[in-house]
Amino acid sequence: FNTVRFADLTYHFNERTEITGGITQTPFGLQPFASNSFWFSVNYYLGFEDDYDAGVKINHQRGNWDFQAAYFMNDEYNDAAKFARYSFDVADDGEFRNSEDGQYNVRANYTGRFIRGGTTEIGASYQYGNILNLDTSRSGDMNAFALHMRHTQNDIKVELQYIDYEYNLEAPEGQADDRLALSSFTFPFLAAANGQTYSANLIYSVPYDFDHIESLTCYSEFSLAKGEDASGKNSSQWVNGCSLGWDKLFMYVDSIRGKNMWFSGGPGIGLDIGGLQDTTHRLNINLGIYF
């Protein structure tokens, strides 16, 4: 399928402030990504990592601080029934019919040197949005906050993140409001409407110099989503692998273990809805040419 990841323009107001408009990345959580693998973390599939929507954001740097604020009118297509997209968004799957209808984001991140030879980023993010139910024409809302940290010590990097999120849905009478449909990559699926996610990554950048290999990075990344309501059930994903750059080529080799985790073989995220809820394993090899 064909899709747009981002399409934006940035105006550099001065050395410390810039304004970006268009289909652009939402400022939430670890930036630019909360993971280093091709498979990403559970946060990506819940719309909290590498998410792009249509709106405007401001980025301001002041000393060791980086501040971001944004308003997004809607998802990148303003069509909740369009499943062929890169970012994971609230969806209309024909039964659970909701749509993103305005969203605010704020993010603050501090970079310091607390340990000799190392750099530490500590930050917090908050997101609030309106969620329009397409059957009732009433607006619910959602809110989420994240605490995130990234520490780099020579060739080793550690990343930690915690997210708490809640959707208050205006569902039709008789319909469950403890779940909602999300979609991307042409498929919708169900996820817990309220929950938390935890992620922890360990990354090692191999310091050796090769004749043609420009970068070689290995990683172990674990992430967990916990649904809060009675229908909640943990979903987890553990990715181990390496990536390497070679001239115009870039390759990922990932081993993915998922449990009750959509895209890793499970039926949904954070829900006990039957189907394949045991641990699954996949091997992913991705080769890209960039020019």
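**Entry 1: the largest pocket**

I started with the open spaces, and the largest pocket came out at about 670 Å³. This is a predicted model, so I keep that in mind throughout. I listed the lining of this pocket and got 25 residues. Nearest the centre I found Ser 37, Phe 38, Phe 40, Tyr 86 and Tyr 252. Next I looked up which elements supply at least two lining residues each, and noted α1, β9, β12 (194-205) and β15. By class, I wrote down 14 nonpolar, 7 polar and 4 charged residues for the pocket lining.

The largest cavity holds about 90 Å³ of space. Its lining has 14 residues, and I noted Gly 47, Glu 100, Gln 103, Gln 127 and Tyr 167 as the closest to its centre. Two or more lining residues come from each of β5 (89-90), β6 (98-112) and β7 (118-133). I also sorted this lining by class: 8 residues are nonpolar, 3 are polar and 3 are charged.

**Entry 2: the nonpolar core**

I then turned to the largest nonpolar core, which has 42 residues. Tyr 45, Leu 46, Phe 48, Tyr 167 and Ile 269 have the most contacts inside this core. Several elements supply at least two core residues each, including α1 (42-45), β3 (52-62), β8 (139-153) and β9 (156-168). Which strand gives the most to this core? My answer is β11, with 4 residues.

**Entry 4**

An open sheet of 4 strands runs in the order β5-β10-β11-β16, with mixed pairing. Its edge strands are β5 and β16, each pairing on one side only. On one side of β11, I found antiparallel pairing with β10 over 6 bridges. Ser 183 has Pro 188 of β11 as its bridge partner. β10 and β11 make a hairpin with 2 residues between them, and Phe 185 in the turn has a positive phi of about 50°. I also checked β11 against β16 (residues 268-269), and these strands run parallel, joined by 2 bridges. There, Ala 191 stands opposite Ile 269 of β16.

**Entry 3: Asn 284**

Asn 284 sits in strand β17 (residues 279-289). Is Asn 284 buried or exposed? I call Asn 284 buried because its relative accessible area is 11%, and the cut-off for buried is under 20%. Setting aside residues up to four places away in sequence, Asn 284 touches Phe 38, Trp 39, Tyr 252, Val 253, Asp 254 and Ile 256. Two of these contacts, Phe 38 and Tyr 252, take me back to the first entry, where I had them near the centre of the largest pocket.

Methods. Residues are numbered from 1 along each chain as its sequence is written. This is a predicted model: local features need pLDDT of at least 70, side-chain atom pairs count only at pLDDT 80 or more; totals for chains, interfaces and linings use all residues. Side-chain values use heavy atoms; hydrogens and water are left out. A nonpolar core is a set of buried Ala, Val, Leu, Ile, Met, Phe, Trp, Tyr and Cys residues joined through side-chain atoms within 4.5 Å. Buried means under 20% relative accessible area, exposed over 50%, partly exposed in between (1.4 Å probe, protein chains only). Contact means heavy atoms within 4.5 Å. Two strands pair if DSSP finds at least two bridges between them. On a 1 Å grid over the protein atoms alone, a cavity is a set of points where a 1.4 Å probe fits but cannot get out, and a pocket is an open set with protein on both sides within 12 Å along at least five of seven lines; lining residues have an atom within 4 Å of a point. Grid points are joined across faces, edges and corners, and a volume is the space filled by probe spheres set on the points. Ala, Val, Leu, Ile, Met, Phe, Trp, Tyr, Cys and Pro count as nonpolar, Asp, Glu, Lys and Arg as charged, and the others, Gly among them, as polar.
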